[in-house]
Amino acid sequence: AEWGHRHYAFYKFVEQDGVDVSTQPAGGISKAAVSHTGKIPTPATFAYNSVKTKMVSTSAQGPPDGSTWQWFIIANLSLSRKDEGGLSATLTGDKFQAGWLKTPDDTPDEPALKQRKASMIDSILSGKLNAYGLQRAGVPTGFKHRWNYSDSTWGTAVTKDTTWDEEKQDDRWTIKVSFPSWTDDSQEPGTYLIIADQKAAKMNKNQYDTKMTGFQYLLPTEKPEEARAEILQHHLKKHYRPPLSETPLGAWLVKKPKLAK
């Protein structure tokens with residue numbers, strides 16, 4: 001794949017829950033050159049934390065306050081220049097429920113989460129329904145949510161007036177997030193593949209505290225879908241299904257002492 005000339009990285013990084021992140025440069029924005037060798041570029045990491053509020057309030061209490069939804073998001077972030085100057089952004093893609101914690105004291109099942117996320121990338125690549133997603137109850141297919149997200153930052157960008165629309169599918173939610181104000185002149189317009197975890201902790205029946213962390217890859221302008229599939233396959237192997245030789249078990253097998261005859 002042709003990866004383009006530049007890839008802008010947002011490396012102001014906070015420790016990420018549920019995301020296996022390689023060591024990244026610290027402090028502001030880094031402009032990393034990407035070669036034309038077909039190699040997968042090093043992704044930028046980002047954090048996006050915001051309080052989301054239902055556009056239409058509900059009187060139904062639902063699950064208890066303090067419960068947390070664990071989401072896995074695979075989507076495209078499109079950055080474009082506005083006629084009046086500045087940038088706007090739109091995030092469109094898929095949101096899978098990877099887990100749920102009833103109380104703040106509950107501990108996530110990390111091995112199970114890892115397997116589920118791997119299966120969700122498989123579903124994106126194959127176009128097939130996700131078995132775990134099909135088991136998620138709650139609202140019927142076709143149900144829609146609309147949220148206002150509080151002003152925040154995405155990496156080094158300042159976001160304002162953000163709205164998040166989502167619709168329940170059989171095994172996932174489809175999302176469209178609009179960032180009409182995305183303030184960061186150093187970012188390059190284009191389309192980025194986002195692979196991220198989002199935790200949504202219930203504050204009350206109409207508000208959730210959300211924390212998203214993840215990876216951001218700049219897609220090429222030529223054959224972006226092919227590049228997207230290559231990146232997802234690479235990400236799957238690197239973070240969720242590494243070769244045996246790169247696992248602790250594989251390392252032990254290589255180094256284990258030989259038994260005396």
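Guide: Strands are DSSP runs of E with at least two residues, and helices are runs of H or I with at least four, both numbered from the N terminus. The model is predicted, so local features need pLDDT of at least 70 and side-chain atom pairs pLDDT 80 or more, while totals for chains, interfaces and linings use all residues. Residues are numbered from 1 along each chain as its sequence is written, and side-chain values use heavy atoms, leaving out hydrogens and water.

Visitor: In which strand is Ser 181 found?

Guide: The chain has four helices and 12 strands. Residues 173-183 form one of these strands, and Ser 181 is found in it: S10.

Visitor: Does Ser 181 count as buried or exposed?

Guide: Buried means under 20% relative accessible area, exposed over 50%, and partly exposed in between, with a 1.4 Å probe and protein chains only. Ser 181 has 18% relative accessibility, so it counts as buried.

Visitor: Which residues is Ser 181 in contact with, leaving aside its neighbours within four places in sequence?

Guide: Contact means heavy atoms within 4.5 Å. With those neighbours left aside, the partners of Ser 181 are Lys 82, Leu 87, Val 158, Thr 159 and Lys 160.

Visitor: How far apart are the end C-alpha atoms of helix H1?

Guide: The expected span of a helix is 1.5 Å times one less than its number of residues. H1 covers residues 110-126, and its 17 residues should therefore span 24 Å. The distance between its end C-alpha atoms agrees, at 24 Å.

Visitor: Which elements do the buried residues of H1 pack against?

Guide: The buried residues of H1 include Leu 113, Met 120, Ile 121 and Ile 124. The buried residues of H1 pack against strand S4 (68-81), strand S5 (87-101), helix H2 (131-134), strand S11 (190-204) and helix H3 (224-240).

Visitor: How much space lies in the largest pocket?

Guide: On a 1 Å grid over the protein atoms alone, a pocket is an open set of points where a 1.4 Å probe fits, with protein on both sides within 12 Å along at least five of seven lines. Its volume is the space filled by probe spheres set on the points, which are joined across faces, edges and corners. For the largest pocket this comes to about 740 Å³.

Visitor: Which strand gives the most to the lining of the largest pocket?

Guide: Lining residues have an atom within 4 Å of a point. The largest pocket has 32 of them, with Trp 69, Val 139, His 145, Trp 173 and Tyr 208 nearest its centre. With four residues, the strand that gives the most is S6.
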